[in-house]
Amino acid sequence: MRIIAGQHRGRSILGPADAKTTRPITDRVKQSLFDRLAAADRLEDAVVADVFAGTGSMGLECLSRGAAHVTFVERDRDASSRLEKNLHAIGQHEQAKILRMDALGRGLIQAVDERRFTLLFVDPPYPMVQHPTQQQRVWEQIERFADVADAQAVLVLRTPRDVELPAFERWPNVDSETYNMMTVHLLRR
């Protein structure tokens with residue numbers, strides 16, 4: 001795994017210990033997504049939430065490209081430990097916060113500080129969004145994220161290709177792009 005652009009371009013980062021815990025996004029998909037976000041001027045000085053962060057690939061990419069702050073949410077001990085090492089390796093741990101907690105718990109919204117997120121990445125495990133009960137919890141948490149998001153915020157959601165999104169009440173504008181077996185959705189308020 002590596003950072004693909006910005007101040008830390010080409011720098012290798014620790015990936016997941018195994019594929020069971022996290023699913024890294026491919027460089028091709030990450031490049032396409034970040035090209036879109038950069039074209040929309042969403043990266044410079046962004047206040048970012050990287051939810052289900054894994055080892056931090058998305059949030060680290062944002063920091064490399066000029067984000068002001070990233071809050072990472074990852075409860076897996078091994079993944080969050082690797083994430084912490086990645087932050088220290090690029091010397092940007094002071095622009096970041098790691099919340100080691102359940103990304104779907106109601107406590108998450110209270111745990112974030114006064115920041116209003118301008119960019120949110122939500123990348124739940126595929127089995128979670130394929131299971132009806134767990135999927136409903138993900139959709140409900142996405143709606144709650146509007147409480148801590150700026151009025152112009154963009155929420156990036158990655159799902160398996162075959163998952164249909166509901167009509168989000170608080171994120172009504174959706175733009176989706178499919179890459180092989182995954183779909184990346186950009187939700188706007």
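## Strands side by side

Let's start with the strands: S5 and S7 pair in the antiparallel sense, and seven bridges link them. Keep in mind that this is a predicted model. Two bridges show how the pairing works in detail.

What about S4 and S5: do they run parallel or antiparallel? They run parallel, and five bridges join them. Look for Val122, which stands opposite Leu157 in S5.

## How covered are these strands?

S5 has 12 residues, and nine of them are buried, so the rest of the structure largely encloses this strand. S7 is mostly covered too, with six of its seven residues buried. As background, side chains in a regular strand alternate between the two faces of the sheet.

In soluble globular proteins, nonpolar side chains tend to be buried together. In this model, the largest nonpolar core has 32 residues. Which residues have the most contacts inside it? They are Leu37, Cys62, Phe72, Leu119, Phe121 and Val156. The elements giving two or more residues to this core are helix H1 (27-39), H2, S2, H3, S3, strand S4 (117-122), strand S5 (149-160) and strand S7 (182-188). Another core, of 30 residues, lies apart from it, with Val73, Ala103, Leu104 and Leu157 among its members.

Leaving aside neighbours within four places in sequence, Leu119 is in contact with Leu37, Arg42, Leu43, Val47, Val48, Ala49, Cys62, Val154 and Val156.

## A closer look at helix H3

Helix H3 spans residues 77-90, which makes 14 residues. From its first C-alpha to its last, H3 reaches 20 Å, close to the 20 Å expected at 1.5 Å a residue. Which residues of H3 are buried? They are Ala79, Ser80, Leu83, Asn86, Leu87 and Ile90. These residues cover an arc of only 115° around the axis, and therefore sit on the same side of H3.

The cover over the buried residues of H3 includes helix H2 (57-64), strand S2 (69-73) and strand S3 (96-99). On the face of H3 turned away from its buried side, you can find the exposed residues Arg77 and Lys85.

Now look at the ends of the helix. The N-terminal end of H3 is capped by Asp76, which has a side-chain oxygen 3.2 Å from the backbone nitrogen of Asp78. Just after H3, Gly91 takes a positive phi of about 70°.

Finally, visit Gln7, which lies in the segment before H1. Is Gln7 buried or exposed? Its relative accessibility is 59%, so Gln7 counts as exposed.

Gln7 still has contacts: not counting residues up to four places away in sequence, Gln7 touches Leu63, Ser64 and Gln92.

Methods
Residues numbered from 1 in each chain as written. Predicted model: local features only at pLDDT ≥ 70, side-chain atom pairs only at ≥ 80, totals over all residues. Heavy atoms only, no water. Helix = DSSP H or I, 4+ residues; strand = E, 2+ residues; numbered from the N terminus. Expected span 1.5 Å × (residues − 1). Buried < 20%, exposed > 50% of the residue type's maximum accessible area, 1.4 Å probe, protein only. Arc of directions from axis to C-beta. Contact = heavy atoms within 4.5 Å. Polar contact = N/O pair within 3.5 Å; in protein donor to acceptor, adjacent residues only side chain to side chain. Core = buried A, V, L, I, M, F, W, Y, C linked by side-chain atoms within 4.5 Å. Pairing = 2+ DSSP bridges.
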